[in-house]
Amino acid sequence: MNIDSLVLMTGLAVGLCAFVAFLARSHYKKQADALTGASTKIAHARPGHVKLEGRVSANESLESPVSNKKCLYMQVVFKDLDAPVDVEFVRGPRMGQQSIRATGGQKRVAIVRKANQIYLEDDSGRIEVDFDDADIELLVDKSFQTGSLSSNDPQVETLMRRFGARSGASGIKGRCQLTEIILEAGDKIIVTGNLTMDGTGQMRVSGTDDDPVFITDKSSEVVAKSSKQKALMMTITFLVLSLLAASLIGLGFVTGSKQPDRVIKKPVPVEKTKGW
């Protein structure tokens, strides 16, 4: 059977995207289910999946370059929304063949740092939390916005320049945005993950590839609602992509099997004439 390879490969690629959407849907559903249940006191927690609430602490601290606050986790993102776009000519493989390529624009600088080890404490006990591969969703602590037409605070402009904002005689050129998300010692957080216990009775909340540790300082109801909405969107995406992939794969077999009929030319008989 002949197969249209291009259509078939496109269908397989769409099918792979559908599989990724299915994994994302499973992830958000697990997250919503974990946040919906009631929290457990640390002293009453048992090995298995848990939801815990308490204050966060650590044996070390970092310092945010934005607010200069001591913290256990920081995510600082700077965006130059009006960064200039550089245009360059690119030579093609053949003589005289050129094309235009745009580079730059939307300059983005991100700094993410975290303590090596954190602990969760409540009025019943203390437990270690795996912080390396955790999913973290925190409220924005500070957000700055500047523009060429706005009257900007000199301290904010100085801070923006530290992250690469373009400046001129009248201040910052273009629109820039700087956000800071930090987790400070003593902040109240919610943690979900898999609780394990070693031979000495030391408990630890860790995660797996399918179910990582999740940490948030938002309301569990708000995050659960958001996770349910994301799971619904991923479900719809999975169904649409699955139908499209099935259609493309089927079309690849159908179009590939329909080959144009060969026209067989019959030889034209040559009349023989007798010589004089």
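Rings of Phe, Tyr and Trp (its six-membered ring) are taken as an aromatic pair if their centres lie within 6.5 Å; planes under 30 degrees apart are called stacked, over 60 edge-to-face, and the rest tilted. With that rule, a search of the whole structure returns 3 aromatic pairs.

The model is a predicted one, in which local features need pLDDT of at least 70 and side-chain atom pairs count only at pLDDT 80 or more, while totals for chains, interfaces and linings use all residues. Residues are numbered from 1 along each chain as its sequence is written, and side-chain values use heavy atoms, with hydrogens and water left out.

**Whole chain**

Colour the chain by secondary structure (DSSP runs numbered from the N terminus: helices are H or I of at least four residues, strands are E of at least two). The protein chain has 3 helices and 17 strands. Of its 276 residues, 32% are buried (under 20% relative accessible area, with exposed over 50% and partly exposed in between; 1.4 Å probe, protein chains only). Among contacts (heavy atoms within 4.5 Å) with a separation of 6 or more, 71% are between residues 24 or more positions apart.

**First selection: Phe 22 and Phe 238**

These two rings form a tilted aromatic pair, 5.3 Å centre to centre with 50° between the planes. Phe 22 belongs to helix α1 and Phe 238 to helix α3 (residues 220-257), so the pair ties together parts that are 216 residues apart in sequence. Phe 22 counts as partly exposed because its relative accessibility is 34%; Phe 238, at 26%, is also partly exposed.

Phe 78 is in strand β4 (residues 73-80) and Phe 163 in the loop between α2 (154-162) and β12 (167-168), 85 residues apart. Phe 78 is buried at 0% relative accessibility, and Phe 163 is buried at 10%.

**Third selection: the nonpolar cores**

A nonpolar core is a set of buried Ala, Val, Leu, Ile, Met, Phe, Trp, Tyr and Cys residues joined through side-chain atoms within 4.5 Å. Which residues have the most contacts inside the largest nonpolar core? Select Leu 52, Ile 118, Leu 120, Ile 127, Val 191 and Ile 215, which hold that position in a core of 24 residues. Two or more residues each come from β1 (48-58), β8 (118-122), β9 (125-129), β14, β15 (188-197) and β16 (203-206). A second, separate core of 11 residues includes Val 66, Phe 78, Phe 163 and Ala 165.

Now centre on Ile 118: leaving aside neighbours within four places in sequence, its contacts include Val 56, Leu 72, Ile 127, Phe 131 and Ile 215.

Thr 179 is in strand β14 (residues 176-183) and is buried, with a relative accessible area of 19%. Beyond neighbours within four places in sequence, Thr 179 is in contact with Gln 75, Val 76, Val 77, Lys 142 and Ser 143.

A cavity is a set of points, on a 1 Å grid over the protein atoms alone, where a 1.4 Å probe fits but cannot get out; lining residues have an atom within 4 Å of a point. The largest cavity has a volume of about 70 Å³, the volume being the space filled by probe spheres set on points joined across faces, edges and corners. Among its lining residues are His 27, Lys 30, His 49, Asp 135, Thr 192 and Phe 214. Helix α1 (residues 5-36) gives the most to this lining, with 4 residues.

Terms used: 1 Å grid on protein atoms, 1.4 Å probe; cavity = no way out; pocket = protein on both sides within 12 Å on 5 of 7 lines; lining within 4 Å.
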